[in-house]
Every structure is written in C-alpha cells, then in structure tokens.
Amino acid sequence: MKKVINVTQSSMPPYEEFIDELKPVWDSRWLSNRGNASRKFENMLKEYLNAKHLYLFANGHVALEVALNALYFERGSEVITTPYTHCSTTHSIVRNGLVPVFCDVKEDDYTINPNLIEDLITEKTVAIVATHVYGFLCDVERIKEIAKKHNLMVIYDAAHAFGVKKNGISAANFGDAAMFSTHATKVFHTIEGGIICYKDKERFKAMSKLVNFGFTSQEDIDYVGTNARMNEFEAVMGICNLRHFDEEVAKRKAVGDRYYERLSNVPGIKLMEIPSDLEWNYAYFPVIFDGYKENRDQIKAKLEEEQIYARKYFYPIVNKAACYEGDYGSAHVPVAAHAADCVLTLPMYADMTVEEADKICDIILR
C-alpha cells in the first residue's frame with residue numbers, strides 16, 4: 001500500500017514535553033479565560049516576535065474580524081484588499097459591515113500590487129487589509145507610504161508569515177496590526193488559534209473586551225462582543241511548539257531546497273524567488289504551471305494517482321466565490337485570476353523526507 005503524502009502535516013512537540021507543560025493546567029482546572037498558560041505563551045511570543053502588544057484568539061479568522069471590529073469604522077466604509085487570499089480575509093471585512101475593494105496582485109509573489117492601490121482610494125476608504133502570501137511579505141514600505149499619505153489603517157493578514165523577517169524585522173511589526181493564524185495546518189500551530197500583534201494600545205483597546213462577549217467586569221457589558229478566546233490546552237501546545245519552531249523550519253527548508261534544485265529552470269514551471277532580505281519560513285511551496293507540458297489540474301491528478309495530495313491554493317479567487325461573485329465578480333484582477341488557474345502548492349511539512357520530495361518531482365518531471 002502506497003504511503004499517503006498530504007499537502008501538510010502538523011508539527012508536534014515530544015509527547016512527554018506536552019504532558020509536563022499541561023500538568024499544571026490540568027491540576028488547576030483553569031482551562032480558559034487567560035490562565036497561566038496563556039499569559040506565559042503571550043510573553044514568549046512577545047519576545048520571539050519582538051511585538052510590543054499582542055492578544056491570543058480562538059482562531060485566525062476571529063482574530064482578524066475582532067481587530068477590524070475594534071477600530072469601529074463606519075458601516076459601508078471601504079477597505080482595499082486582495083482577491084488572492086483565503087476567503088476568511090474578505091469575510092472578516094464584510095462581516096464588519098465594510099465593503100471590500102479588490103486590488104490585483106504582483107506577478108512575482110502574488111501579494112497586493114501597491115502601484116494599483118491609490119487608483120482605488122475614495123472618500124470612503126478607511127483601511128488596507130493585505131495578505132502576506134505563502135510567507136512572502138507584501139511591499140510593506142510602499143504600502144506604509146500610501147497609508148500615511150491618505151490617512152489609512154493597515155492591517156496585514158499574516159496567517160502564512162509566522163517567524164518571517166524582512167531585513168531582520170519581524171512580520172509582526174509591519175502595519176498597524178498583523179494577524180497570525182496558528183491553525184493545525186500552519187507552520188506554527190496551537191491546534192486552533194490566532195494572534196493579533198498591534199502597536200497602538202489605545203486604538204485597539206476594545207479588542208481585549210470584544211473577545212469575551214464585551215464584558216469589562218463581571219457585571220458590566222460595555223461592548224457588543226463575541227467569544228474568541230484561546231483556551232489553555234492550545235496555549236500549552238503553542239508554548240511547546242515555539243521551543244522547537246526554528247528546528248522545524250530547518251527541516252522544511254531541506255525539502256524546499258530539494259524542490260528548488262529539481263524544479264528550477266524547467267520550461268513551463270515557475271518557482272517564487274526568495275528575496276535576499278527575507279528570512280522565509282517555508283510555510284508553503286507554491287509552483288506555477290504556466291505553459292508546462294501538462295497543466296496544473298493534470299499534474300494534481302497525476303499526483304493523486306500516487307496518493308500525493310497537493311492543493312490548488314488559492315482557488316477560486318475570492319471575488320469569484322459564489323457568495324461574492326454577484327457583487328464583485330467583475331473586478332479587474334487578471335494577475336490574481338491567472339494565479340488561481342496555475343498555482344499548485346506541493347506537500348511541505350517538517351517530517352517530510354527529501355526522498356518523498358524526489359518522488360513528487362519525479363512524477364511532475366515525468
């Protein structure tokens with residue numbers, strides 16, 4: 001029977017380490033509501049990410065949604081964003097009563113194209129919500145300039161970018177806020193979870209109350225909130241996984257290096273170049289099949305015949321999803337649309353072997 005190779009596999013700390021870290025939580029019976037494990041995890045993250053302020057959430061989606069909620073933009077305000085992202089990014093905008101305005105992406109890394117942003121700004125524009133794609137960072141300097149010129153907030157969907165640095169600066173420090181997803185499929189996970197890193201404590205002061213139904217004391221409910229807290233078991237997983245994060249990335253790099261070695265300079269196959277100023281996290285391995293002897297969908301099917309499961313990610317682009325196509329399907333985003341038709345993310349995880357990467361490359365090149 002052939003071994004199944006999935007597109008990802010969760011990194012796990014040593015079982016004994018997790019149990020040792022969990023025991024105080026187990027004994028205390030304090031399983032949620034910012035117990036000792038959550039506080040310890042927050043402090044570890046602040047140091048690792050070099051983040052001034054951060055908050056833990058039940059998942060990345062509610063983290064982004066609550067961060068936008070905390071800013072209390074007027075309903076109907078416009079937010080410039082990308083169609084080449086997970087639908088969660090757009091959902092977080094729309095569920096706050098805001099209007100997404102889709103901006104096309106760059107051809108080299110599929111992050112939002114800053115050269116197109118200003119043409120989309122109107123008197124209703126209040127923010128830019130941009131996604132760091134596959135761990136490749138947006139043009140943060142140019143976006144910062146545009147936001148300052150037009151007095152806009154910048155929030156990054158950094159779901160893919162945990163641990164990434166540009167010129168030694170953590171992705172947590174770009175924009176007014178950055179959201180990291182710590183879902184089980186991510187390069188760093190807490191089973192489920194999300195993190196918001198932010199700079200202006202006063203501007204985001206409502207966030208810590210919104211996560212707990214809007215309570216400001218046991219008897220006072222000052223905000224219309226939600227239930228978005230990370231629990232203690234998840235915090236314990238985060239504590240353990242953070243200790244091993246760098247070594248897990250190093251393992252992923254070995255697989256990534258083999259992909260680059262085998263698939264570079266192949267006509268019809270394009271790989272994203274890692275910028276020299278970027279410390280990448282090997283969160284995903286996207287391959288663009290554009291003019292290759294077989295198209296992306298055919299390659300995906302050939303891999304599945306061998307029980308290897310790659311992913312069309314992102315597909316479809318968000319403005320073409322059934323829930324948005326009626327309102328936004330005509331947005332002019334040709335680069336994003338082309339990417340959605342050509343990109344296949346290959347399996348990538350810490351326990352994957354170089355031999356398994358070779359098997360995948362053999363099938364593709366065959």
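Modeller: Let us begin with a term: two strands are said to pair if DSSP finds at least two bridges between them. Please bear in mind that this is a predicted model.

Biologist: What holds the strands of a sheet together in general?

Modeller: Strands of a sheet pair through backbone hydrogen bonds, in either a parallel or an antiparallel manner. In this model, three strands form an open sheet in the order β10-β12-β13, with antiparallel pairing. β10 (269-271) and β13 (343-346) stand at the edges with a single partner strand each, so one side of each has no neighbour in the sheet. From one strand to the next, the twist averages 35 degrees.

Biologist: How many bridges join β12 to β13?

Modeller: Four bridges join β12 (residues 285-289) to β13. Pro286 has Thr345 of β13 as its bridge partner, and Ile288 stands opposite Val343 in β13. On the other pairing, β10 and β12 are linked by three bridges, with Ile269 opposite Phe289 in β12.

Biologist: Are the residues of β12 buried or exposed?

Modeller: The cut-off for buried is under 20% relative accessible area. Five of the five residues of β12 are buried, so this strand is largely enclosed by the rest of the structure. Both of its faces are covered: Phe285, Val287 and Phe289 are buried on one side, and Pro286 and Ile288 on the other.

Biologist: Which helix lies across β12 and β13?

Modeller: Helix α10 (residues 334-342) lies across these two strands, and runs at about 50 degrees to β13.

Key: Residues numbered from 1 in each chain as written. Predicted model: local features only at pLDDT ≥ 70, side-chain atom pairs only at ≥ 80, totals over all residues. Heavy atoms only, no water. Axes fitted to C-alpha atoms, helices over the stretch in contact; angles between N-to-C directions. Contact = heavy atoms within 4.5 Å. Buried < 20%, exposed > 50% of the residue type's maximum accessible area, 1.4 Å probe, protein only.
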